[in-house]
Amino acid sequence: MRFAYLCDFDGTVSPSDIGAALAKRFSPDGRAEGAELLARWFRGELGHRELTEAQCGLLSVTAEEALAFTRGFALDPHFAPFVREAESRGDAVMVLSEGLDFYVADQLGRAGLAGVPFAANVARFEGRRVVPEFPYAAEGCGSCGNCKAVHVRRWRERGHATVLVGDGLSDRCGAREADRVLARRDLLAWCRTERIAADPFESFQDVAGITRAWADGRR
Ligand SMILES: [Mg+2]
Ligand SMILES: [Zn+2]
């Protein structure tokens, strides 16, 4: 059985939440990442698709400014070695993000990982306006922009054992659906509340160690 490692981006592959930092930096008074909006998401009054629409509606930034800002961040340095090790075993790695495509693609490319497939929401820049598009929303739960459960099911249909790796509440649909979960922060707390089995991790050094043990168990 081959594994598919489906990895969240913001707060997981990138230790910092780049999307949140972008929303904070380029909205008036940081309102796009403000307590009021986030509280509505945490309480479940807003789905992540609606949250992203509300956040993008508050942004004032050009494509060039946005990219220059996000280039101040970098990936977990252990992610690229993990990808190479997993792929050399015949396992698959994909990045699943509720963030925006331009910085996910740029960060992967800069880390030498342009070949790693990813799925994210799409940012269309119109001058200083950011219009989000949700190419994966139609197949999802109706609440997410890019429902991770859809991707988990696809990889399972291709015959993989699915592993969701994530840190936050936007990973919940994927974590419910996946065969195994590696979690940190809010996702780990939520898995414990929901009694979903999850192994804790802090960095991709931990992820590499845990998954190496799984691969050894399969031989
Ligand atoms: Mg995250
Ligand atoms: Zn969902």
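This is a predicted model: local features need pLDDT of at least 70, side-chain atom pairs count only at pLDDT 80 or more; totals for chains, interfaces and linings use all residues.

Student: Is Leu164 buried or exposed?

Tutor: Leu164 sits in strand E5, residues 160-166 (helices are DSSP runs of H or I with at least four residues, strands are E runs of at least two, and both are numbered from the N terminus). There are 32 C-beta neighbours inside 10 Å, so Leu164 counts as buried.

Student: Beyond its neighbours within four places in sequence, which residues is Leu164 in contact with?

Tutor: Contact here means that two C-beta atoms, placed from the backbone, lie within 7 Å. Arg176, twelve residues from Leu164 in sequence, has its C-alpha 9.2 Å from that of Leu164. With neighbours within four places set aside, the contacts of Leu164 are Leu6, Lys148, Val152, Asp171, Gly174, Ala175, Ala178 and Val181.

Student: How are H5 and H10 oriented to each other?

Tutor: Axes are lines fitted to C-alpha atoms, for helices over the stretch in contact, and angles run from 0 to 180 degrees between N-to-C directions. Helix H5 (residues 79-88) packs on helix H10 (residues 204-218) at about 20 degrees, with the axes 8 Å apart. Angles under 35 degrees count as roughly parallel, over 145 as roughly antiparallel, 65 to 115 as roughly perpendicular and the rest as oblique. H5 and H10 are therefore roughly parallel.

Student: And what is the angle between H4 and H6?

Tutor: In this pair, Ala66, Leu67 and Thr70 of H4 meet Phe102, Tyr103 and Asp106 of H6. The axes of H4 and H6 (residues 101-110) are 10 Å apart, and the angle is about 45 degrees.

Student: Which residues make the contact between H1 and H4?

Tutor: H1 (residues 18-25) and H4 (residues 63-70) pack at about 130 degrees with axes 10 Å apart, so they are oblique to each other. The contact is made by Ile18, Leu22 and Arg25 from H1, and by Ala66, Phe69 and Thr70 from H4.

Student: Why do the buried residues of H3 end up on the same side of the helix?

Tutor: The buried residues of H3 (residues 48-58) are His48, Arg49, Leu51, Thr52, Gln55 and Cys56. The arc is taken over the directions from the helix axis to the C-beta atoms. They lie on the same side of H3 because they cover an arc of only 160 degrees.

Student: What is phi of Arg195?

Tutor: Most residues other than glycine have a negative phi. Arg195 is in the loop between H9 and strand E7 (199-200), and with 7 C-beta neighbours inside 10 Å it counts as exposed. Although Arg195 is not a glycine, its phi is positive, at about 55 degrees.

Student: How exposed is Arg185?

Tutor: Arg185 lies in helix H9, residues 185-194, and has a positive phi near 50 degrees. With 15 C-beta neighbours inside 10 Å, Arg185 counts as partly exposed.

Definitions and conventions
Residues are numbered from 1 along each chain as its sequence is written. Chains are lettered from A and ligands numbered from 1 in the order in which they are written. A residue is buried if 20 or more other C-beta atoms lie within 10 Å of its own, exposed if 12 or fewer, and partly exposed in between; C-beta atoms are placed from the backbone.
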